[in-house]
Amino acid sequence: MSGLAHYFEAEGLATVIVALVREHIVSMRPPRALWVPFELGRPFGPPGNAGLQRQVLSEALALLDQDCPEPLLRDFSDESIEIMDDADWRFTGTLNDASPRAEAAGVLPIWQLARERIGRSSYGISGLTPEAAVEFIERYHSPEPMQISKGMAKGMAKVSRARFAIDDIKAFYLEAAMAEGGHPSTRQLLDWFWDHTLAGALIREFQETARVSEDSNLELIAYSLVPAARALSFLQG
Amino acid sequence: MVRLADIPEPERTVIADLDCPAYEDTPPVKPPPPAERHVAIVSTAGFILRGERPMLSNETGYRAIAADVEDGDILCSHVSTNFDRTGFQQDVNVMLPRERLLELEREGCIGKAADRHYAFMGATSPPKLEDKARELGRSMLALGVNTVVLAPV
């Protein structure tokens with residue numbers, strides 16, 4: 001991101017970065033940056049907090065009004081924001097533990113409720129339906145892998161589709177987990193997904209198979225499907 | 001509050017060791033006064049529009065997100081496990097605060113929110129982005145944009 005700031009400034013655009021990793025900014029010295037104390041993936045803070053998002057954006061833009069003979073790095077004014085669990089949050093419904101596909105079929109109506117509540121979905125980069133994404137991953141290493149119809153192909157390599165199908169499965173479950181709202185922490189949501197769903201187990205198993213595979217394409221994604229700390233703890237039992 | 005030191009290993013080392021090439025200090029552009037600022041947001045979340053081909057790791061190109069695109073048609077194709085996407089799943093503005101930018105425009109805090117915002121793929125080596133970044137910079141200038149808020153993930 002800091003590299004982009006250097007290139008844009010060189011072309012004549014004034015820039016300011018909302019930075020999540022302070023150490024990267026110190027190292028790469030973009031002209032202006034506001035460091036924010038939020039989780040990676042949330043540069044403007046927790047979801048649904050328009051006031052905080054607005055405050056971050058305003059403080060970032062305000063750096064444009066300061067002289068900066070040297071690279072300017074400021075910290076966000078409010079470092080008091082703590083990550084809290086929501087003790088009342090629970091997944092709505094009962095997971096069907098017969099198989100990953102049966103579980104996904106049971107999650108589907110809950111995910112549809114979540115879509116209505118949230119008003120949108122971030123699901124869809126694989127080009128597969130949720131049930132098809134689960135089936136695609138479940139049968140990936142089998143003698144009879146799932147065939148993708150031409151209409152769904154979109155010129156995507158099989159291994160890329162696997163990576164995106166896995167991300168879609170995560171989105172499907174994690175959106176469903178928000179069907180009744182609440183304010184669960186990221187850790188709560190991920191603990192539930194990785195420790196309590198067959199989909200999480202399916203992805204862990206897929207990653208382990210990919211890790212020892214002789215397929216060089218699979219090796220490319222073999223360490224990027226399960227968060228590294230969780231993969232390590234699963235391996236250590 | 002999250003600092004690098006709060007991130008669990010081995011993710012912390014992966015993030016700390018990301019490619020951070022040294023740059024000479026770039027002389028900062030003198031920004032226009034607030035009322036003349038025409039502001040675009042550039043993200044590294046690998047945003048695509050629903051139905052587009054997802055961006056791939058180390059891809060050097062960029063995608064545009066027009067102002068009239070519905071939130072539900074903005075997808076994140078940067079699928080690293082190193083950052084959270086549950087926030088984005090609930091609220092696009094967590095990564096791409098285009099509603100907040102429009103509020104600032106309506107209140108006269110900036111001149112204009114850009115008609116398009118943009119996304120590159122994160123974790124791509126910065127020098128590999130130079131050609132496309134400079135191309136996008138010239139394109140934004142041609143559209144009247146003079147200020148960029150950069151939003152990593």
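## Before you start

What you see is a predicted model, where local features need pLDDT of at least 70, side-chain atom pairs count only at pLDDT 80 or more, and totals for chains, interfaces and linings use all residues. Residues are numbered from 1 along each chain as its sequence is written, while chains are lettered from A and ligands numbered from 1 in the order in which they are written.

## Chain A at a glance

Chain A has 11 helices and three strands. Here helices (H or I, at least four residues) and strands (E, at least two) are DSSP runs, numbered from the N terminus. Read from the N terminus, the order in chain A is α-β-α-β-α-β-α-α-α-α-α-α-α-α. The C-alpha trace of chain A spans about 65 × 45 × 40 Å along its principal axes.

Chain A is assigned domain 1 (2-75) and domain 2 (100-235); such bounds come from an automatic or database domain assignment. The C-alpha centres of these two domains of chain A are 32 Å apart. Of the 237 residues in chain A, 44% count as buried. A residue is buried if 20 or more other C-beta atoms lie within 10 Å of its own, exposed if 12 or fewer, and partly exposed in between, with C-beta atoms placed from the backbone.

## A helix with a kink

Let's look at helix 4 of chain A, residues 100-118. Its 19 residues should span 27 Å at 1.5 Å a residue, and the end C-alpha atoms are 25 Å apart, so the two values agree. (The expected span is 1.5 Å times one less than the number of residues.) There's a kink of about 35° at A:Leu108, shortly before the proline A:Pro109. The bend is the angle between axes fitted to the seven residues ending at a residue and the seven starting there.

The buried residues of helix 4 of chain A include A:Val107, A:Ile110 and A:Trp111. What do the buried residues of this helix pack against? They pack against helix 5 (130-138), helix 7 (158-176) and helix 9 (198-211) of chain A. Just after helix 4 of chain A, A:Gly119 takes a positive phi of about 90°.

## Where the chains meet

In all, 72 residues of chain B are in contact with 77 residues of chain A, where contact means that C-beta atoms, placed from the backbone, lie within 7 Å. Helix 4 of chain B gives the most to the side of chain B that touches chain A, with seven residues. The residues on that side of chain B divide into 42 nonpolar, 15 polar and 15 charged.

Two strands pair if DSSP finds at least two bridges between them. A:Ala14 stands opposite B:Thr147 in strand 7 of chain B.

## Inside chain B

B:His117 sits in strand 6 (residues 116-119) of chain B. Is B:His117 buried or exposed? B:His117 is buried, because 27 other C-beta atoms lie within 10 Å. Leaving out residues up to four places away in sequence, B:His117 touches B:Ala40, B:Ile41, B:Ile65, B:Leu96 and B:Arg98.

Strand 3 of chain B runs antiparallel to strand 6 of chain B, with four bridges, and B:Ala64 has B:Tyr118 as its bridge partner. Strand 3 (residues 63-66) of chain B has B:Arg63 and B:Ile65 on a covered face, and B:Ala64 and B:Ala66 on an uncovered one. In a regular strand, side chains alternate between the two faces of the sheet.

Conventions: Two residues are in contact if their C-beta atoms, placed from the backbone, lie within 7 Å. Ala, Val, Leu, Ile, Met, Phe, Trp, Tyr, Cys and Pro count as nonpolar, Asp, Glu, Lys and Arg as charged, and the others, Gly among them, as polar.
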